[in-house]
Amino acid sequence: MIRALIILIFLKIHVLQTGADRDYETRIMGGEECDVHEYPFVVAVITTALCGGSAISLQWVLTAAHCIDKNVMGERRPLVRAGFTSPKRAVQIRHAKKVVSHEKFDPHMLDDGKELRYDIALLLMDEPFKFSRVLKVVELPRRGFTSNCTQGKALGIGNEKYTGPDDPPLAVDDVIKRTLKCVDLSITNDKTKCAASFSDEAVVDDSIILTREEKGGKDACQGDSGGPLLCDKILIGVISFGAPCGTPSGCATYTKVESYLDFIHSHMQNPRIMGGEDCEVEEYPFIVTVISFGICGGAPITLQWVLTAAHCFNMKLITKRKPIVRAGFNSPKKTIQIRHAAKVIVHDEFNSELLDEGKELRYDIGLLLLDAPFVHSKIVNVARLPQRGFTANCTTGKVLGIGNEKFIGPDESSNQIEDALQRSLKCVDLSITTDSSKCAFSFSTEAVVDDTIILTREEKGGKDACQGDSGGPLLCDKIVVGVISFGAPCGTPGGCATYTKVESYLDFIHFQMQNRSRDARPGSSCSFCYIIVSLVLVLLYK
């Protein structure tokens, strides 16, 4: 029976033991040592098996699903180690707090060689790696890139020869001390030459990359599974399955990364200030907090209208809970102003599901009509909107908000609302780019990135908007040119973020403001009375 080798790690006795008798191995031989500084995105993944992985952001690692089979791993959290044989001070170790395997992956069918697809998984680190000489992020392919690759380079610290189940176990320390190895392999599209390597029932389609060496002796091997297959240093494949390492004419399968870009992006993306500094609210008095089913930012463009992002609202539930808009941040209580939204308006063409998947990045803009106007003060004022053509001259933008200063995973509790209301206003300067080709790995390949979107990108990462900042402003000379919308996980080196370009939606903004203002008068409420009361309270506390 065809099965994948599992190397069991018993931490108490510090040894690795091989699994049950298996003919086919999750499986670098015939290669050479590679400098980790040249391939600083390769990591070791240790659960109940030794595997490889690739850092695709500072907090996300891409690996093989069979490396983290929950039936074998149990409650043990995968340990991820970057640095290999680097000095101890350069080695970085993290634990995975979340494991995401492809929902269609079946370990039993892979073991039997019947289902070779869907062997892909993501690991979310408990805290981000630190960008360094030995830890950087690998580039993901664009759709169609892999078809031009005739050779691939596999990397890992696995075995250099096939190890059977009766061979002596390997010490953990031995594995960790190994140097990074790499080997160049021939990619083939001729499935007929691989018939002997897999079950007759196996589906070998375009989501799989095949490698084959006629003379054998070159291959990935045990302990390399989950590691990268590169083409021009772009991650095109994940080491998955194959004939015993180095078998002449034997074929090996690699999960084709570009076939799973949507899977990757859908789990990594989060509506999302890190790397900035404290900003005085008196200098930027046009920033507000929008509280709906989470925390967002916004910018008052009149004393009764707030500009924000459409994705901040669940329109199906909006009638049950009116958004609260809070101006003042951590200012003295007597200066804080709180209003409710009488009306929530999002762009007609906005699609939250397509935004979450990174497929439709446009139209993420919304307006809130407040139940009563804000009272003009030192910390509450109105933002300026751009004239047409203004944004084209902006090369840097300033983002403001009170969101997170690091990426928070989907299962991590952050006590977001109570905590956020006590935060000070932060701001960070970001580089605006018009080269969308550098942003390919940040979004789905189906995404349209046109002139209605502003892109920011920081080569070294560490500076960004983050969760809780969505809907807030991107400023250029204190003019609101963009609305924080979407992007790669906060602070990803080379990752891009999108901002809804305000001047592209001036007609939408002005039309809604002119035609919906009457909606702010619900029932017998008195907006003028509200203003008078607010003024009295301000005067009393002066």
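Is Arg362 buried or exposed? With a relative accessibility of 17%, Arg362 falls in the buried class, because that class covers values under 20%. The model is predicted; the count comes to 15 salt bridges and 8 disulfides. Selected examples of each kind of link follow.

**Salt bridges**

- Arg362 and Asp450 pair through their side chains in a salt bridge, with an N to O distance of 3.3 Å. Arg362 sits in the loop between helix H5 (352–356) and strand E23 (366–370), while Asp450 sits in the loop between E25 and strand E26 (453–457), so the bridge ties together parts that are 88 residues apart in sequence. Asp450 is partly exposed, at 27% relative accessibility.
- Lys426 and Asp278 form a salt bridge between their side chains at 3.4 Å, N to O. Lys426 belongs to strand E25 (residues 426–433) and Asp278 to strand E17 (residues 277–278), so this pair ties together parts 148 residues apart in sequence. Lys426 is buried at 17% relative accessibility, whereas Asp278 is exposed at 51%.
- Glu283 and Lys478 meet in a salt bridge with an N to O distance of 3.6 Å. This pair links distant parts of the chain, 195 residues apart: Glu283 is in the loop between E17 and strand E18 (288–291), and Lys478 is in the loop between strand E27 (473–476) and strand E28 (479–487). Glu283 is partly exposed at 40% relative accessibility, and Lys478 is partly exposed at 36%.

**Disulfides**

- Cys51 and Cys67 are joined by a disulfide with sulfur atoms 2.0 Å apart; the link is left-handed, at -90° about the S-S bond. Cys51 lies in strand E5 (residues 50–55) and Cys67 in the loop between strand E6 (60–63) and helix H1 (70–73), so the bond ties together parts 16 residues apart in sequence. Cys51 is buried at 5% relative accessible area, and Cys67 is buried at 3%.
- Cys296 and Cys312 form a disulfide with an S to S distance of 2.1 Å, left-handed at -95° about the S-S bond. Cys296 is in strand E19 (residues 295–300) and Cys312 in the loop between strand E20 (305–308) and strand E21 (324–327), so the pair ties together parts 16 residues apart in sequence. Both cysteines, Cys296 and Cys312, are buried.
- Cys439 and Cys496 are linked by a disulfide at 2.0 Å, S to S, and the link is left-handed at -70° about the S-S bond. Cys439 lies in the loop between E25 and E26 and Cys496 in strand E29 (residues 496–501), so parts 57 residues apart in sequence are tied together.

Methods. Residues are numbered from 1 along each chain as its sequence is written. This is a predicted model: local features need pLDDT of at least 70, side-chain atom pairs count only at pLDDT 80 or more; totals for chains, interfaces and linings use all residues. Side-chain values use heavy atoms; hydrogens and water are left out. A salt bridge is a side-chain nitrogen of Lys or Arg within 4 Å of a carboxyl oxygen of Asp or Glu. Helices (H or I, at least four residues) and strands (E, at least two) are DSSP runs, numbered from the N terminus. Buried means under 20% relative accessible area, exposed over 50%, partly exposed in between (1.4 Å probe, protein chains only). A disulfide is a pair of cysteine sulfur atoms within 2.5 Å.
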